[in-house]
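Please look at the sequence and the 3D structure below before reading on.

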Amino acid sequence: MIIAGIVLAVALVIVVWGIGVYNGLIRLRNLKDEGWSGIDVQLKRRHDLVGNLVNTVKGYMAHEKDVLEEIAKMRSMAQNAAGVAQAAQAEGMLSQALGRLFAVMENYPQLRANENVMQLQNTLTALEDEIQIARRYYNGTVREYNTRTEVFPASIIARQYGFQKADFFELDNVAECEVPQVSF
């Protein structure tokens, strides 16, 4: 009778522990998904802003068609990216293309004086900061989630219920991590 009581108590402790681990994993997965949602919102804002910037400067830069077409292509790739790794790669290429646009724009004095262009650039710079903050939050939640799913004994519950390791939102090139510099 005593042995049965001890076995029952141990089984109850294991079940309660398993429920606690499972609920903790769910909470971390939800935080990770919330973090990605924040990045996704900022990236959509960025894509809209880049489209507005390109449309604004298009009339001034008619003979810089290849730069504008490259940005349009990179923007489209970024909008259609599936998954964290593909989005990070596409956003990095978009950042590089924007850097080239800003470099070319410095050759156009009329753009320097255009209030709409200046406002769009200032908004884009602020938005890049917001994306960086959202990326840090997301990567922090991914770190916590991945750690929890990989450490023993929680990894047993994670594997049993299909909790997969999440990708970080990383940029491959260190230069891509920097906010595009705008100086007129």
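Where does P153 lie? P153 is found in the loop between α5 and α6 (154–160), where helices (H or I, at least four residues) and strands (E, at least two) are DSSP runs numbered from the N terminus. This is a predicted model, in which local features need pLDDT of at least 70 and side-chain atom pairs count only at pLDDT 80 or more, while totals for chains, interfaces and linings use all residues. Residues are numbered from 1 along each chain as its sequence is written, and side-chain values use heavy atoms, with hydrogens and water left out.

- F152 and P153 are joined by a cis peptide bond, for which omega is about 5°.

**Helices α1 and α2**
- The axes of helix α1 (residues 2–58) and helix α2 (residues 65–79) come within 10 Å and cross at roughly 165°, an axis being a line fitted to C-alpha atoms, for helices over the stretch in contact, and angles running from 0 to 180 degrees between N-to-C directions.
- That angle makes α1 roughly antiparallel to α2, because angles over 145 degrees count as roughly antiparallel, under 35 as roughly parallel, 65 to 115 as roughly perpendicular and the rest as oblique.
- The crossing of α1 and α2 is left-handed, a term used if the near helix is turned anticlockwise from the far one by less than a right angle.
- In the contact (heavy atoms within 4.5 Å), H47, D48, V50, G51, V54, V57 and K58 of α1 meet L68, I71, R75, A78 and Q79 of α2.
- The residues of this contact between α1 and α2 divide into six nonpolar, three polar and three charged, where Ala, Val, Leu, Ile, Met, Phe, Trp, Tyr, Cys and Pro count as nonpolar, Asp, Glu, Lys and Arg as charged, and the others, Gly among them, as polar.

**Helices α1 and α5**
- The axes of α1 and helix α5 (residues 115–150) come within 8 Å and cross at roughly 160°.
- α1 and α5 are therefore roughly antiparallel to each other, and their crossing is left-handed.
- The residues of the contact of α1 with α5 comprise 21 nonpolar, eleven polar and ten charged.

**The largest pocket**

- The residues that line the largest pocket are G51, V54, N55, K58, K65, L68, E69, I71, A72 and R75; on a 1 Å grid over the protein atoms alone, a pocket is an open set of points where a 1.4 Å probe fits, with protein on both sides within 12 Å along at least five of seven lines, and lining residues have an atom within 4 Å of a point.
- The largest share of this lining, six residues, comes from α2.
- By type, the lining of the largest pocket divides into four nonpolar, two polar and four charged residues.
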